[in-house]
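Me: Please take me through this structure as a tutorial. I would like to learn how each feature is read, and then what it looks like here.

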Amino acid sequence: MRLSLSLVVACWCLSPVLSFAENWTTYRGPQENGHTTAKNLPNEWSEQQNIAWKVPIRGRGWSSPVIWGNELWLTTASPDGKELWAICLDRQSGKTLFEEKLVDVAKPQYAHPYNSYASPTPCMEEGRIYLHWGSPATICLDTKTRKPIWTRTDLKCDHFRGAGSSPVIAGDLLILTFDGFDFQYVMALDKNTGKDVWRANRTYHDPKGNGDYKKAYSTPKVIDVAGKKLVVSPSAAYTCAYELETGKEVWKVKHGGMNAASLPIFEHGLLYTTSADGGDQLVAVKPDGTGDVTKSHVAWKSNKGIPNRSSLLPLGDYLFMVNSGRIATCMEAKTGKVLNTARLEGSSSKFVASPILSEGKIYVFDEDGMSFVFKADESLEVLGKNKLADGVMASPAAVDNSLYVRTKSHMYCIQKK
């Protein structure tokens, strides 16, 4: 009897640990760097191998999936941008739990065919998901009632090529980025009411200059510097840091270029930011300065193998990345020294989706649906090469023992059988 009771108590104590799953709440996961606690992910899969489920997704959208508990959420849009939808799937079975058109857009802005009308990734917390399609709409949805708590459709910005920046939760604030052809600004909303808290206009662009050289698609990062919280937001030409509570600009660094798309990384006391097209493609900045810190706080910069769309992946003393030329790079994070590079063969398409890390392995997907699993060390040794039926523009998510991948037409749950 004593043994049986001990076993019951032991099982009861262990059950929360065994059933725990880390939620995937943002574009780059819970740590905003592509890291996951998911385990036992497969190295190999195909349409016939290690696919737990596959379901078609209506419309067209490049937003990544976000997960809370057993719910996987996506945004999508009609190909012409006139209808904006939210979808919720059961992450275990792929069953549709919610699928609803939330917004009608009478006159959609132009979106480049390379982009979509649903590219920003939602962010979520318990009971709420914040859905964002750029200027057309931002909605806070109650995930239990499936009803909007608040909606904003009045935030002006001519995205011109389409929106891409994802929202970020910071305390009671929701941080949004609008770097368009006409207006360029970062703003904070009260996440509970949707009302404006502050707005920081980008004032460093030539007001009469070409709008293409003012555009960006990046997602901001909130960092803590000596107890002070900053919103770091890459834009065209500059990356800026703002006071989280007020939106006051603290510092900026000039790197040139345009179309910045990557989420910044904060490791080793350095802020890593990329410029995408042109300029100094990767700059490591000491984030404790004020004013223009271009000449005073740049630790190092590099133009070797830097991605112009996908985000960096840090791990210990390393930075990993995969660029559009299909070159995987392992770099020394503190110095920018390139330790190794490897070409990922098998296709000529680009990498737009950002890599994720699980148990010392990096997972990356290209626009044709080719994917690679390689070691997260200096060897960059490829452990698996796989193919899905359609291309991947959205960054994957991973929870428990499952890899969730959105292709241009379907949502997959990849899992060892």
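Reply: Ser 302 lies in strand β22, residues 298-302 (a strand is a DSSP E run of at least two residues, a helix an H or I run of at least four, numbered from the N terminus). The model is predicted, so local features need pLDDT of at least 70 and side-chain atom pairs pLDDT 80 or more, while totals for chains, interfaces and linings use all residues. Residues are numbered from 1 along each chain as its sequence is written, and side-chain values use heavy atoms, with hydrogens and water left out.

Me: Is Ser 302 buried or exposed, and which residues does Ser 302 touch?

Reply: Relative accessible area decides the first point: under 20% is buried, over 50% exposed, and in between partly exposed (1.4 Å probe, protein chains only). Ser 302 is at 8%, and therefore counts as buried. A contact means heavy atoms within 4.5 Å. Leaving out residues up to four places away in sequence, Ser 302 touches Gln 281, Leu 282 and Met 331. The C-alpha atoms of Ser 302 and Gln 281 are 6.4 Å apart, although 21 residues separate the two along the chain.

Me: Where is Lys 252 placed, and what are its contacts?

Reply: Lys 252 belongs to strand β17, residues 249-256. Its relative accessibility is 18%, so Lys 252 counts as buried. Beyond four places in sequence, Lys 252 touches Tyr 204, Tyr 238, Thr 239, Cys 240, Gly 291, Asp 292, Val 293 and Thr 294. From Leu 84, which is 168 residues away along the chain, Lys 252 is separated by 35 Å between C-alpha atoms.

Me: In which loop does Arg 60 sit, and which residues does Arg 60 touch?

Reply: Arg 60 is in the loop between β1 (51-56) and β2 (66-68). With 25% relative accessibility, Arg 60 is classed as partly exposed. The contacts of Arg 60, again not counting residues up to four places away, are Thr 76, Ala 77, Pro 79, Pro 113, Asn 115, Ser 116 and Ala 118. Ile 327 is 267 residues from Arg 60 along the chain, with 28 Å between their C-alpha atoms.

Me: What is the phi of His 268, and what is that of Leu 380?

Reply: Most residues other than glycine have a negative phi. His 268 is not a glycine, yet has a positive phi of about 55 degrees. Leu 380, also not a glycine, has a positive phi of about 55 degrees. His 268 is found in the loop between β18 (265-267) and β19 (270-274), and Leu 380 in the loop between β29 (370-375) and β30 (382-387). His 268 is partly exposed at 35% relative accessibility, whereas Leu 380 is buried at 4%.

Me: How many helices and strands are in the chain, and how many of its residues count as buried?

Reply: The chain has 1 helix and 33 strands. Its radius of gyration is 21 Å, close to the 22 Å that the globule rule gives for 417 residues, so the chain is as compact as a globular protein of that length (the radius is taken over C-alpha atoms, and the rule is 2.2 Å times the number of residues to the power 0.38). Along the principal axes, the C-alpha atoms fill a box of roughly 75 × 50 × 50 Å. Of the 417 residues, 57% count as buried. Among contacts between residues at least 6 apart in sequence, 53% join residues at least 24 apart.

Me: What is the volume of the largest cavity, and how much space lies in the largest pocket?

Reply: Rolling a probe the size of a water molecule over the atoms shows where empty space is left. On a 1 Å grid over the protein atoms alone, a 1.4 Å probe fits in a cavity but cannot get out, while a pocket is an open set with protein on both sides within 12 Å along at least five of seven lines; lining residues have an atom within 4 Å of a point. Points are joined across faces, edges and corners, and a volume is the space filled by probe spheres set on them. The whole structure holds 3 cavities of 30 Å³ or more. The largest cavity has a volume of about 140 Å³. Of its 15 lining residues, Gln 109, Tyr 117, Trp 133, Pro 136 and Ala 163 are the closest to the centre. The largest pocket contains about 610 Å³ of space. Of its 25 lining residues, those closest to the centre are Asn 115, Tyr 217, Ala 261, Arg 309 and Val 352.
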